[in-house]
Amino acid sequence: MTEDVSQALIMHLPQHVGKAVCVRGWLRNKRSGKNIHFLILRDGTGEVQCVASGDSLPAETMQLCDALGIESSLEVVGIVREDARSPGGYEVALSEVKPLQVVNDFPISKKEHGVEFLMEHRHLWLRSRRQVAILRIRDELEKAWADFFYERGFARVDAPIFTPAACEGTTTLFDVDYHGDTAYLTQSGQLYNEATIFALGRVYCFGPTFRAEKSKTRRHLLEFWMLEMEAAFFEQEDNLRLQEELLVFSIARVLQKCGRELATLQRDTDKLVNIAAPFPRLHYRDAVEQINRQMPDRAEPFRYGDDFGAPEETFISQQFEQPVFVTNFPVGTKAFYMKPDPDEPDTVLAADLLAPEGYGEIVGGSQREDDLDALEKRVGEHGLPREAFQWYFDLRRYGSVPHSGFGLGLERTLAWLCGLSHIREAIPFPRMLHHLYP
Ligand code: 4AD
Ligand code: MG
């Protein structure tokens with residue numbers, strides 16, 4: 001290609017108006033007229049219309065352009081100019097076109113494909129405008145979370161993936177042969193966070209977590225990413241406030257930085273703009289009462305003491321425009337590590353945060369049992385192996401303090417912010433019941 005022409009990312013083209021640049025990418029789309037081709041090129045940072053005109057290009061270059069199908073890879077040179085008629089406001093008037101690979105049979109076309117076909121071609125589907133927009137928002141959310149915790153004195157401490165015992169109940173464990181021993185893929189980094197707060201005060205971990213759920217709903221993955229924070233000298237009320245603050249912060253950031261992506265997704269952003277703290281709170285007892293009184297099409301009454309399933313969460317969250325905290329679950333409904341509420345000792349100091357618009361639970365959090373005897377008793381009641389938890393009991397032996405934390409699911413949050421109808425689009429390569437390829 002012509003020398004002394006600078007390489008440019010499409011996102012940076014506005015800085016090169018009037019100058020010649022070289023752009024490399026893939027053909028998103030092509031429109032052709034008499035003696036002219038409009039090549040829509042994308043490079044991951046943006047899209048730009050490149051104009052190949054027979055008036056200024058040799059016939060063989062025009063023939064090259066003729067042969068290019070969707071997703072051909074190419075390198076082009078041309079002058080950047082401002083043009084209000086062009087999508088994005090800029091275009092490139094081409095002087096050179098160099099195909100790297102000509103493609104004419106990309107499997108995904110503009111016609112409607114079934115979900116099954118798209119899922120099998122997830123590695124190619126990801127190139128679509130919609131999937132790119134979702135991945136950009138995912139990236140922004142991850143950055144926002146890192147910024148939020150960094151600014152508030154939290155250290156990121158990564159938790160292990162192989163674990164010797166259950167954290168969130170024994171029914172959803174994936175086991176692995178650990179050279180003759182059994183290990184499990186982590187369900188949560190929480191117990192490790194509870195150790196590292198004694199070193200660093202306030203911590204969070206962020207990584208993949210695994211649940212061997214047999215559920216096939218719009219909101220369950222077998223592998224999902226969870227942000228989990230934990231802080232010493234932190235009580236239930238502090239915990240709920242921090243969740244509110246984090247969500248309001250995250251929404252503001254996504255609205256500020258991802259306007260274009262939200263527009264691509266046709267997200268109704270009014271619903272997000274109106275999210276404001278404090279979020280409403282609903283006592284578990286009252287939630288059960290509402291379900292039994294108002295939820296349509298129930299075959300049998302919901303039993304006090306059961307945990308909510310997807311239909312109940314959807315019903316509850318639809319009663320509110322804001323995210324809602326469900327509080328005071330009965331002891332025994334939830335995990336072993338939660339501390340009973342001193343004012344209502346048959347319930348725990350825990351809350352689930354349900355997103356609006358029927359998206360269900362996005363956060364689970366609680367104040368932790370910090371008393372050794374009470375904790376040992378709970379581990380026994382839950383039928384968990386005490387030996388495996390000796391290290392965890394040590395945390396209540398050596399300088400125990402009140403502490404709390406929560407886990408925020410990335411894909412569920414992203415599905416809500418993007419307005420997705422299914423969680424499978426919120427992660428690049430979803431792992432679901434009967435789905436492991438590609
Ligand atoms: O409520 P969960 O199970 O809480 C915990 O794991 C705690 N140890 C967190 C903590 O206190 N450190 O999960 C927390 C969140 C849920 O609210 C949801 O957003 C997400 O993780 N989540 C899932 N996301 C997708 N697919 C699944 N199967 C999920 N299970 C939980
Ligand atoms: Mg939960």
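Start with the two domains: select 6-101 for domain 1 and 119-426 for domain 2, bounds that come from an automatic or database domain assignment. This is a predicted model, where local features need pLDDT of at least 70 and side-chain atom pairs count only at pLDDT 80 or more, while totals for chains, interfaces and linings use all residues. Residues are numbered from 1 along each chain as its sequence is written, and side-chain values use heavy atoms, without hydrogens and water.

Now look at how the domains sit. Their centres, taken over C-alpha atoms, are 45 Å apart. Six residues of domain 1 and five residues of domain 2 make the contact (heavy atoms within 4.5 Å). Together the domains bury about 510 Å², 29% of it on carbon and sulfur atoms. That area is the accessible area (1.4 Å probe) lost when two parts are put together, summed over both.

Next, select Glu47 and Arg129. They form a salt bridge, with the closest N and O atoms 2.7 Å apart. The term covers a side-chain nitrogen of Lys or Arg within 4 Å of a carboxyl oxygen of Asp or Glu. Two salt bridges link domain 1 and domain 2.

Move to the aromatic residues. The whole structure holds 19 aromatic pairs (Phe, Tyr or Trp ring centres within 6.5 Å, using the six-membered ring of Trp; planes under 30 degrees apart are stacked, over 60 edge-to-face, the rest tilted). Select Phe149 and Phe154: their ring centres are 5.0 Å apart and their planes at 80°, so the pair is edge-to-face. Both are buried (under 20% relative accessible area, 1.4 Å probe, protein chains only).

Finish with Tyr192, Phe336, Tyr337, Phe389, Trp391 and Tyr392, which form one aromatic cluster.

Note on methods
Chains lettered and ligands numbered in written order. Buried < 20%, exposed > 50% of the residue type's maximum accessible area, 1.4 Å probe, protein only.
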